[in-house]
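Work through the following exercises with the sequence and the model side by side, trying each task before reading its solution.

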Amino acid sequence: MNLYRYLLLLCFCISFSGAFAQKNSDNAYHIQIDLTQVKNDKVPVTVMPPAKLNQDEVVYNMPKIVPGTYSVSDFGRFVSDFKALDKRGRELPVEQLDTNRWRIKKADKLHKITYWIDDTFDTPKRKDPVFEPGGTNIEAGQNFLLNMFGFTGYLDGMKQLPYTLTITKPQDFYGSTPLKAVSTTATTDTYQIPDYVTMADSPLMYNKPDTTILDLGETDVLVSVYSPSGNVTSEVIAANIKDILEAQRSYLGGTLPVDKYAFLIYVPEKVGSTGSYGALEHSNSSVYFLPEMPEEQFSSTMRDVAAHEFFHIVTPLTIHSEQIGNFDFINPDMSKHLWLYEGVTEYFATHVQVFEKLVDAETFLMKIQQYIATSRAYYNDTLPFTEMSANVLGEYEKQYGNVYQKGALIGLVLDIKLLELSGGKYGLRNLMQDLGKEYGKDKSFKDDELFDKITALTNPEIREFFTRYVEGSEPLPLEETFETVGITYKPMATQLINSYGSFVPGYDESTGRIIIESTQGMDEFGKALGLKDGDQLLKWNGTEITPMNIRQLIGEELQQMKPGDDVTVTVLRKNKLKKPKEVTLTAKVQQIERTAPHYLQPNPEATPAQLALKAAWLNIKPE
């Protein structure tokens, strides 16, 4: 052995020895999850606690509730064969206090905790299944979705200590995550994580890789897809969401507050236990559980959902309260600022598209109409938003959905008010940038001080806005707000629209198609088409009709047509022998008078000042 090789080997041995010694003495958790040892959809988890505990008892916690879900998950129910062991492998006394907590006695002798963890995806519907994007999946040789709050927990009083996480993986599997591995081999990945809140905020997905990386300046965006059928690919999704991500970067001033972001997308072949689809945001990533659908439709859906989730890099990543910065996973104290976390995020996701010229103003206003209509139809408009937020886990659980409706409208009204008070020079985007400078990822605001802080950064009139419309029960001043930007808003108005036929729609579960449930009350356009009871709708002007795109086809594309234009509808109709046959129906667009709620239209008599403010709001040239 030559001298160079000897010195190299000596250095390696010294480094290895030092690393091994540190691993057994540092004040950090060491977590091992073995994805190669799957038994009955369970995997083994080993938790090596921080340095020697100087106490007789300690409690190990699995989360009851996690950020972003606003519902009870009880991840402790997926734990089995829980053991606490000393250095010789002898079991220590353990008492399970409730679903999510285990008291370990003789804690000063604790060396490691072991247990098996089951996944949530296979939870029967009758047993309170977990919303899939916030759940876990264990499919041996196929896919592992690791929302880490579903795999590991923390000891009482030690949530802020660091974690070293080691994943043993199948040899051809790749781990997609916002985390950066400190070491990786063909069979293991190791990550270092500063605390449990960050651990819970950092999902991983392991499977044979289908990934694409987008370069957004100083930020790398990972798009990772697991699609058993192979019909949905990361390359296609990445290509379709790139422009909205670029628009968001421009919207936020050209730079993003993260250097890595991950989209983890699970595309099941059938609906899950909850019967729903959706996404769950994290600070540097988001997890999606979306159904297979035609490529164009999937891309459109993904764009809309991704636009919202990606904006969470602003809040709660950069701007959040103490309740989120140090989240209590067992008995959380909920923040009263869901208008900020979800409402402003949803508003930005919609506003960015018109501001950066991805959609026109008309399309934007149609989306705003949907927010107003849904909020007023399904939720309590006089319930103070701060009160709803603080009690969303209890009596106001059913009001939570309003964060995406009225919450977005609060963002809109606040944006326009700030622009009005500043002569179009300072809006909600500017406010969020200033709040980001004031606080940040590692500095939380106090819940009761936020409104006063915003007022100090902006204008005294803004405090009155929060007092009346967010803390108070007054409905948002929509008529007054829209008037300042040259738009007419009426809660109810009569207008001419292009008719879709006024038939009663239904749904055929066996085919997944929309049907004509009844032609009773059908108007002249429907009669001209010749629609009949039981017709299955196949195509509208050559585009396949699905439950996902029917609103767009008749609510947007049809409305853009002119009276007298030809409309072609293809239906599947049973003949006298009850054999289905495709039939093509045609008629010319006809208008009908319809009383429409929440009318929003540009005011042709808007003043120059109103048009100037509108131009600043929507980033358009003054009219």
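**Exercise 1.** Check whether the length of helix α9 agrees with its number of residues.

*Solution.* Helix α9 covers residues 406–421, where helices are DSSP runs of H or I with at least four residues, and strands runs of E with at least two, numbered from the N terminus. Next, 13 of the 16 residues are buried, so α9 is largely enclosed by the rest of the structure; buried means under 20% relative accessible area, exposed over 50%, and partly exposed in between (1.4 Å probe, protein chains only).

The model is predicted, so local features need pLDDT of at least 70 and side-chain atom pairs count only at pLDDT 80 or more, while totals for chains, interfaces and linings use all residues. Residues are numbered from 1 along each chain as its sequence is written, and side-chain values use heavy atoms, with hydrogens and water left out.

**Exercise 2.** Find which parts the salt bridge between D452 and R463 ties together.

*Solution.* The closest N and O atoms of D452 and R463 are 2.9 Å apart, and a salt bridge requires a side-chain nitrogen of Lys or Arg within 4 Å of a carboxyl oxygen of Asp or Glu. Because D452 lies in helix α11 (residues 450–457) and R463 in helix α12 (residues 460–469), the pair ties together parts that are eleven residues apart in sequence. D452 is partly exposed at 45% relative accessibility, as is R463 at 23%.

Terms used. The expected span of a helix is 1.5 Å times one less than its number of residues.
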